[in-house]
Amino acid sequence: MTTRTFFAALTFAAAASAALPAAAQQAPAAQPLGGPVIPGVCLLSREAVFANAAAGKAASARLQELAAAAQSEIETERQPLEAELRALESQPDNAARRQRAEILAAQWQTLQQKAAHASQEVEATRVRAMERIANEAQPAIAQVYAAKACGLLLDRNSALGGNFANDLTAEVVQALDGRLSTITFERERLPQAAAQQAR
């Protein structure tokens, strides 16, 4: 996989993960089955909380910035390397050309490793940011859960249908926004050895 393909996949995955919570949030309302409200049974979509809370939106925007910066770093090195590889292809086959091709191949491999390492750093950053938001969300969930006198909390995305009147998601988003309105962070820096072992 080339670095361009790799970062295109990374960007696509980020866009897809941002789109999935919104789709999951709309799924229950699309074709409700109705039925009575079951007292004490409440629902929550953690994905929708992360997608709609102010801190979740800020984290997504920051992660996109960091991924774009990482991609730009790789592109800056990739373009001249590709240009040199194309120029080398037009030269006659001889010992000097083969030696230069080996050097460029090694540089290309190093660049691919650097791209993989950058991707792992962006992913580690995403995990750390989501952990922080999850930690802040837990007291908000407990607060809304107690206020609604819930006795059981189920993942809304696992429910196939029913009455969603006891859906806590919107209130948890509001409570979380009161606790954490934004989030800032820098890209996690991983040691190269750890990145190579993770591959």
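How many disulfides does the count come to by the rule applied here, in which a disulfide is a pair of cysteine sulfur atoms within 2.5 Å? The count comes to one disulfide, and the legends below take up that link and several other close-up views.

This is a predicted model, in which local features need pLDDT of at least 70 and side-chain atom pairs count only at pLDDT 80 or more, while totals for chains, interfaces and linings use all residues. Residues are numbered from 1 along each chain as its sequence is written, and side-chain values use heavy atoms, with hydrogens and water left out.

**View 1. Overall arrangement of the protein chain.** The protein chain has six helices and two strands, where helices (H or I, at least four residues) and strands (E, at least two) are DSSP runs numbered from the N terminus. Read from the N terminus on, the elements follow the order α-β-α-α-α-β-α-α. Of the 199 residues, 31% count as buried, buried being under 20% relative accessible area, exposed over 50%, and partly exposed in between (1.4 Å probe, protein chains only).

**View 2. The disulfide of cysteine 42 and cysteine 150.** The sulfur atoms of cysteine 42 and cysteine 150 are 1.9 Å apart in this disulfide, and the link is left-handed, with -90 degrees about the S-S bond. The pair links distant parts of the chain, 108 residues apart, with cysteine 42 in strand 1 (residues 41–44) and cysteine 150 in the loop between helix 4 (95–147) and strand 2 (152–155). Cysteine 42 counts as buried because its relative accessibility is 1%, and cysteine 150 is likewise buried, with a relative accessible area of 10%.

**View 3. Alanine 149 in the loop between helix 4 and strand 2.** Alanine 149, placed in the loop between helix 4 and strand 2, has a positive phi of about 55 degrees although it is not a glycine. Most residues other than glycine have a negative phi. The relative accessible area of alanine 149 is 58%, so this residue is exposed.

View 4. Glutamate 65 counts as partly exposed, at 46% relative accessibility. Another joins glutamate 82 to arginine 86, the closest N and O atoms being 3.9 Å apart, and these two also both lie in helix 3, four residues apart, about one turn of the helix. Glutamate 82 is partly exposed, with a relative accessible area of 23%, whereas arginine 86 counts as exposed at 52% relative accessibility. Elsewhere, salt bridges that share partners join Glu73, Glu121, Arg187 and Arg189 into one network.

**View 5. The salt bridge of glutamate 73 and arginine 187.** In this salt bridge the closest N and O atoms of glutamate 73 and arginine 187 are 3.7 Å apart. The pair links distant parts of the chain, since glutamate 73 lies in helix 3 and arginine 187 in the loop between helix 5 (169–179) and helix 6 (192–198), 114 residues apart. Glutamate 73 is partly exposed, with a relative accessible area of 34%, whereas arginine 187 is buried, with a relative accessible area of 12%.

**View 6. The largest nonpolar core.** A nonpolar core is a set of buried Ala, Val, Leu, Ile, Met, Phe, Trp, Tyr and Cys residues joined through side-chain atoms within 4.5 Å. Of the 26 residues in the largest such core, Ile133, Leu168, Val172, Leu176, Ile183 and Phe185 touch the most other members. Strand 1, helix 2 (46–52), helix 3, helix 4 and helix 5 are the elements that give two or more residues to this core, and helix 4 gives the most, with eight residues.

**View 7. The end of helix 3 at glutamate 89.** Glutamate 89 is placed in helix 3 (residues 54–89) and is exposed, with a relative accessible area of 58%. The C-alpha atoms of glutamate 89 and alanine 101, which are 12 residues apart along the chain, are separated by 9.0 Å.

Notes: A disulfide is a pair of cysteine sulfur atoms within 2.5 Å. A salt bridge is a side-chain nitrogen of Lys or Arg within 4 Å of a carboxyl oxygen of Asp or Glu.
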